[in-house]
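Student: Can we go through how the parts of this protein sit together? I'd like to know what the terms rest on.

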Amino acid sequence: MLVLGIETSCDETAAALVTDEREIRANVVLSQLDEHAPYGGIVPEIAARSHIEHLDGLIARAMRDAGAEFGDLDGVAVTAGPGLIGAVMVGLMTGKAVAGVHDLPFAAVNHLEGHALSARLSDADLQFPYLLLLVSGGHCQLLIVEGVARYRRLGTTIDDAAGEAFDKAAKLLELGYPGGPAIERAAEDGDGTRFKLPRPLKGRAGCDFSFSGLKTALLHKVRDLERGLDDGLRADLAASFQQAVADVVIDRCQNAIHTFQEAHPEGQFLVAGGGVVANSLLRARLKTLAEKNSLSLALPPLALCTDNAAMIAWAGIERLSLGLQDELNAIPRARWPLDSNAAPPPGAGRPGKLGPKA
Ligand code: KG4
Ligand code: ZN
């Protein structure tokens, strides 16, 4: 089975061709970073227009890379949400057009399901059920992946996603965007014990996350500096911040592991995905955590952790193989929780508080 995957839910335009034998025959991603940089954040209208401009060319390149024609395809899988609604619509309409014209099976994929199943694309031995930590710029969740289309969310963020917290902290420290890599680089020479920063929710029951208090604490530390920021202070603040984020994530993961092992004593894997998994400190801490709990750690290669269309094609393959085909009237969704039974996190929907991203 050869499936075309399309991803346009945020600021990456992506197309990929993947087979059910786990061969990634093409995987092209175009970042819009430069287009949004002058505005200091992602502008939804610019994202949608840029997807329109580039998507057709990117699909053509993916087909060329794979040496395939539309007639060789066995299906089309497209992100139908959650994400920026205008951006999602561009990919969804394009995917529907390809599927409609060539009369192909169609899968409207939840972007989070793409992340959730991507580790099974890189690791043929990864069996359900597994525990998934999903930490990116837009998402921060812990989920039990029981099977395709079977997710149990154990926790989510009640304010910022982990990557978003890195990005905001980097802005405060004048380190540029994207913040995660910049903080990690700055932290290399820093002393992570110099500044005392809070660990929101650490030691508390449950698996939810919160990062806004940590960001505010960092803001106060920067404001209190008598002679302003210099490189040495930046390094120590970045290292202290990174330590705090890692401590919180590991604490939340440990709680999730208890719940996972209680619900599924046969479960063997801890999986992590999302751009923040690029962080070496977090990777090392996850490794120790998995060993401590007798779990195998599966970290997909970074190209499959950050947003890409190969994971969408793969989720499409998993769904289509089970007969989970969608009609061409599938709707784009700005919000689309993977686990429709999950209760909203504490704080979501209350006046003045931001809910989770999905
Ligand atoms: O998964 P991703 O590419 O896109 C989203 O779906 O958001 O994740 C991007 C996020 C950004 O917030 C970025 O700052 C963060 O991942 N990130 C990192 C690192 N590399 C990227 N965070 C911490 N350490 C890193 N090395
Ligand atoms: Zn993503």
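This is a predicted model: local features need pLDDT of at least 70, side-chain atom pairs count only at pLDDT 80 or more; totals for chains, interfaces and linings use all residues.

Student: How many residues of each domain count as being in contact?

Tutor: Contact needs heavy atoms within 4.5 Å. By that test, domain 1 brings 16 residues and domain 2 brings 22 residues.

Student: What area do domain 1 and domain 2 bury between them?

Tutor: About 1,500 Å², with 65% of it on carbon and sulfur atoms. On the domain 1 side, A116, L304 and C305 supply 36% of the area buried against domain 2, more than any other three residues.

Student: How many salt bridges join domain 1 and domain 2?

Tutor: A salt bridge would need a side-chain nitrogen of Lys or Arg within 4 Å of a carboxyl oxygen of Asp or Glu. The count between the two domains is zero. Polar contacts use a pair of N or O atoms within 3.5 Å, and there the count is ten residue pairs.

Student: Which elements give two or more residues to the side of domain 1 that touches domain 2?

Tutor: They are α4 (111–122), α10 (302–305) and α11 (310–321). The largest share, six residues, comes from α4. The residues on this side of domain 1 divide into eight nonpolar, five polar and three charged.

Definitions and conventions: Residues are numbered from 1 along each chain as its sequence is written. Chains are lettered from A and ligands numbered from 1 in the order in which they are written. Side-chain values use heavy atoms; hydrogens and water are left out. Buried area is the accessible area (1.4 Å probe) that two parts lose on being put together, summed over both. A polar contact is a pair of N or O atoms within 3.5 Å; within protein, one must be able to donate a hydrogen and the other to accept it, and residues adjacent in sequence count only if both atoms are side-chain atoms. Helices (H or I, at least four residues) and strands (E, at least two) are DSSP runs, numbered from the N terminus. Ala, Val, Leu, Ile, Met, Phe, Trp, Tyr, Cys and Pro count as nonpolar, Asp, Glu, Lys and Arg as charged, and the others, Gly among them, as polar.
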